[in-house]
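Student: Please take one part of this model and go through it closely. I would like to know how it is put together and which residues sit opposite each other.

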Amino acid sequence: MLSYILRRLVTGLVTLLGISVISFFIIQLVPGDPAQIQTSQIADAAVSERVYQQLRELYGLDKPIPVQYANWVGKLVVGDLGSSFHDGRRVSAKIGEALWPTLSVALLSFMLTLIISTPIGIYSALRQGGGFDRSVSTGLYMLYSVPNYVAGMLLILYLGVKWDLLPFRGMRSDGYDEMTTLGQMWDLAQHYVLITFCFTFGNLAYYSRFIRQNLLEVVRQDYIRTARAKGLGEQSVVLKHAFTNSLIPLISLIGLTFPFVLSGSVILEYMFNWPGLGRLYFESVLQRDYPTIMALNFITALLVLGITFIADLTYGLVDPRISYEK
Amino acid sequence: MTIEARNSPAPVRSYWGITWRRFRTHRLGMVGLCVVAVLFLVAFLSPILANEQPILCRFDGGFYYPAVVDLIHQVPGTSLIIKKQRPYRLATFDFKREFDPERGDWALWTPVRYGPREIAAEPLAGPSSRHWLGTDQSGRDVLSRMVHGTVVSMKVGFLSMGIAVILGLVLGCIAGYAGGAADLVISRFIEVVMCFPPFFLILAVLAWFPPSIENVMIVIGLTRWVGIARFARGEILRIRETDYALAARSLGVKPAQLVLRHLLPNALAPVLVSVTFGIAVSILIEAGLSWLGFGVQPPDASWGTILRSGYENLFTAGHMIPPACVAIFLAVLSFNLVGDTLRDVIDPRLQAERA
């Protein structure tokens, strides 16, 4: 077990190193560095050139790329993500600010997905092939094929503009500060509705189908027959014996999808003017804000690797038949 | 299987023949396939469906067929052999203005009489009898742009997945068959690519290339091959241990031939499923990138850019949004249906359950 963990940690570290090297070089290869973008507005060529050189020096862009990379890693080791090239603020502060809007929508969407799809999945499994099962799964399948930004555009057009029911720009209305606490909460809640819906509806089909499939597999097991034979009620068999055992793959699925949800959706956040991580990334790419791009790439990769690792470990904890020894 | 069926000598069918017969029994899969075929036809026939120049016309005493030439030019390379007739070739020539019935001119127009870039009417006009889906911010016909946007979507879908398939199969086969160091390097590389959220990678790479449809295709292809490579690697690993692979090897078949003739054809079915889903995803990514301004550039038409014009003129011209949404939805849904059906059809485990 310990040797397995060690081996995984070492390969994980190598992968992480590979990811950071690749993204560092890709970013550097992009034509137009931040100093150039920031000095493009200066009319006087001589001044522009002087400022350009000073900025390059300030950002450390005048050094060879491997040296820059070594500097970046050196700072990273002591937990310093650097400062943004665009506005000079700490990258950690920028990410911290954008984290909550993305995280809150992601969590809300996950909770809603589970609350809605669990009963649907269970009920469909119990009435397999029945009218409910088929109509719901067809309906959810259609929903699943609606791309989330397409739904977002339609919702903005109809609910936001034509019928003017819900706000769709940003997290707060103008004049948010003058509202009462209750009013502020109501305003915030309204702004969450559309974007949360867009993040949620596509997952419903996937999750309810997943829950249904797992439950169907568990129901065939011998211990379920035993539970029935003991004379337990159907409800107790399904909810206590079958459903709890079908939860394990569900947990790993959540773990696997979560890092990507956390990185936010560039298009949706941009569409709803949502100040989250996806929009931050998009803006950083446009501004050639190297430290922010690197930090976001690195954090996402770290999350993906870490969560896959934890998921692999929990498999072993949950299922003793899985062995980590080679 | 009934006894009669087992006794009568069944005609020998190829694997793909059997697959196609099974596929035909799935109604939803066939519907999806039909929609895909229609989209493909619309894309290919777009020059004679929506064009500012007629299919056939008489002009100043001569006969011309400019839209048909446009159609032929859809096939790469033909523009070197067949050229548009004299006046229609010129950028300044406007047939609609020169058209003069009193001289005996007549024209067989395309169903939509406006080209995707032609400035035909007032900007941001709503749907009318002349412009069925209205016009965009420059006064271009939205229906014509939708038709020509189909070309972009189909091209991106198929060509980007073509790139992904070639890359994925080559690397997957090498990793699966050679094993050892090659497998280690390729698998690690796949893992690295998978750790990037796909959209992040595409954005990062696209900031590097100038935005154009060709670059979008290449970038999507370069980021989508990992799934195919993993599939191919797994399948090759499985198949190389089968008896027929062993038989071929003991007959002295060389590794390259063994992989290409014996292993790969048997690994293709699952790859095909993931390609079908991949096309849907590519279409989706292209529209999203074009929406963000990284894909197809105006004045060229794509479903994503039409959606973007609608978004920029939300309060004055929402009429551009629903058509683009419906088109993207239909394309994604139909490719998903085909992919799902294909997966059901070629998975022998599911066949046993259905029987």
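Tutor: What follows is a close look at the one open sheet of three strands in chain B.

The model is predicted, so local features need pLDDT of at least 70 and side-chain atom pairs count only at pLDDT 80 or more, while totals for chains, interfaces and linings use all residues. Residues are numbered from 1 along each chain as its sequence is written, and chains are lettered from A and ligands numbered from 1 in the order in which they are written.

The sheet has the strand order 2-1-3 and antiparallel pairing. Strands here are DSSP runs (E, at least two residues) numbered from the N terminus, and two of them pair if DSSP finds at least two bridges between them. The edges are strand 2 (62-64) and strand 3 (106-108) of chain B; each has a single partner strand, so one side of each is left without a neighbour in the sheet. On average, neighbouring strands are turned by 20 degrees against each other, direction ignored; the axes behind such angles are lines fitted to C-alpha atoms.

Strand 1 (residues 56-59) of chain B is joined to strand 3 of chain B by three bridges, and the two run antiparallel. Within this pair, Leu56(B) stands opposite Leu108(B), and Arg58(B) has Trp106(B) as its bridge partner.

Strand 1 of chain B also pairs with strand 2 of chain B, again in the antiparallel sense and over three bridges. Here the bridge partner of Arg58(B) is Phe63(B) in strand 2 of chain B.

Strands 1 and 2 of chain B form a hairpin with two residues between the strands. In that hairpin, Asp60(B) takes a positive phi near 50 degrees.

The last point is the two faces of strand 1 of chain B. Cys57(B) and Phe59(B) make up its covered face, while Leu56(B) and Arg58(B) make up its uncovered one. In a regular strand the side chains alternate between the two faces of the sheet.

Terms used:
Helices (H or I, at least four residues) and strands (E, at least two) are DSSP runs, numbered from the N terminus. Axes are lines fitted to C-alpha atoms, for helices over the stretch in contact, and angles run from 0 to 180 degrees between N-to-C directions. A residue is buried if 20 or more other C-beta atoms lie within 10 Å of its own, exposed if 12 or fewer, and partly exposed in between; C-beta atoms are placed from the backbone.
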